[in-house]
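Q: I would like to learn how to read a model of this kind, feature by feature. Could you take me through the general idea each time and then the case at hand?

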Amino acid sequence: YQLVVRSLSNGNAERARAEFLRFHDALDAHFTVEERVHFPALHGLRPELDRELTELVEDHGAFRNQLDAMARSLEDGNLPACATELDRFVVELAAHEGREERMAERITARGDG
């Protein structure tokens with residue numbers, strides 16, 4: 001993330017695209033592992049979490065859409081728009097990660113994790 005921000009700040013579009021692609025791919029891999037491995041296991045173990053897990057997966061879809069929008073801004077050479085979108089994105093992602101962490105703490109506190 002910081003490398004993308006630095007490249008955007010420096011106005012280096014080519015470097016920003018390359019760093020953004022790494023950022024995008026890492027997040028997509030993270031989301032995919034959660035959706036295909038972690039969340040299905042939790043669905044089976046803790047049915048009361050189904051609604052919360054569904055919302056987290058929906059967040060992933062929204063994040064992917066935001067990443068696509070940022071990629072389009074980069075392709076259009078609109079670095080300021082990408083930087084603005086990225087700032088908003090990381091705030092939302094941090095809130096999402098906080099929800100996941102709180103859910104994990106609840107599971108661990110109950111002794112299921």
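A: Read along the sequence, the chain follows the pattern α-α-α-α, with 4 helices and 0 strands; helices (H or I, at least four residues) and strands (E, at least two) are DSSP runs, numbered from the N terminus. This is a predicted model, in which local features need pLDDT of at least 70 and side-chain atom pairs count only at pLDDT 80 or more, while totals for chains, interfaces and linings use all residues. Residues are numbered from 1 along each chain as its sequence is written, and side-chain values use heavy atoms, with hydrogens and water left out.

Q: What box do the C-alpha atoms of the chain fill, and what percentage of the residues is buried?

A: Taken along the principal axes, the box is roughly 50 × 20 × 20 Å. Buried means under 20% relative accessible area, exposed over 50%, and partly exposed in between (1.4 Å probe, protein chains only); buried residues make up 34% of the 113 residues in the chain. A contact means heavy atoms within 4.5 Å, and of the contacts in the chain with a separation of 6 or more, 69% come from residues 24 or more positions apart.

Q: How is the length of helix 3 checked, and which helices do its buried residues pack against?

A: The expected span of a helix is 1.5 Å times one less than its number of residues. Helix 3 (residues 50-75) has 26 residues and should therefore span 38 Å, which agrees with its end C-alpha atoms being 38 Å apart. Its buried residues, among them Leu53, Leu56, Phe63, Leu67 and Met70, pack against helix 1 (2-9), helix 2 (13-45) and helix 4 (79-110). Helix 3 is followed by glycine 77, whose phi is positive, near 80°.

Q: How many salt bridges does the structure hold, and where does arginine 15 find its partner?

A: A salt bridge is a side-chain nitrogen of Lys or Arg within 4 Å of a carboxyl oxygen of Asp or Glu, and the structure holds 11 of them. An α-helix has 3.6 residues a turn, so residues three or four places apart point the same way. Arginine 15 meets glutamate 19 at 3.1 Å, N to O, and the two are separated by about one helical turn because they are 4 residues apart in helix 2. Arginine 15 is partly exposed at 43% relative accessibility, whereas glutamate 19 is buried at 5%.
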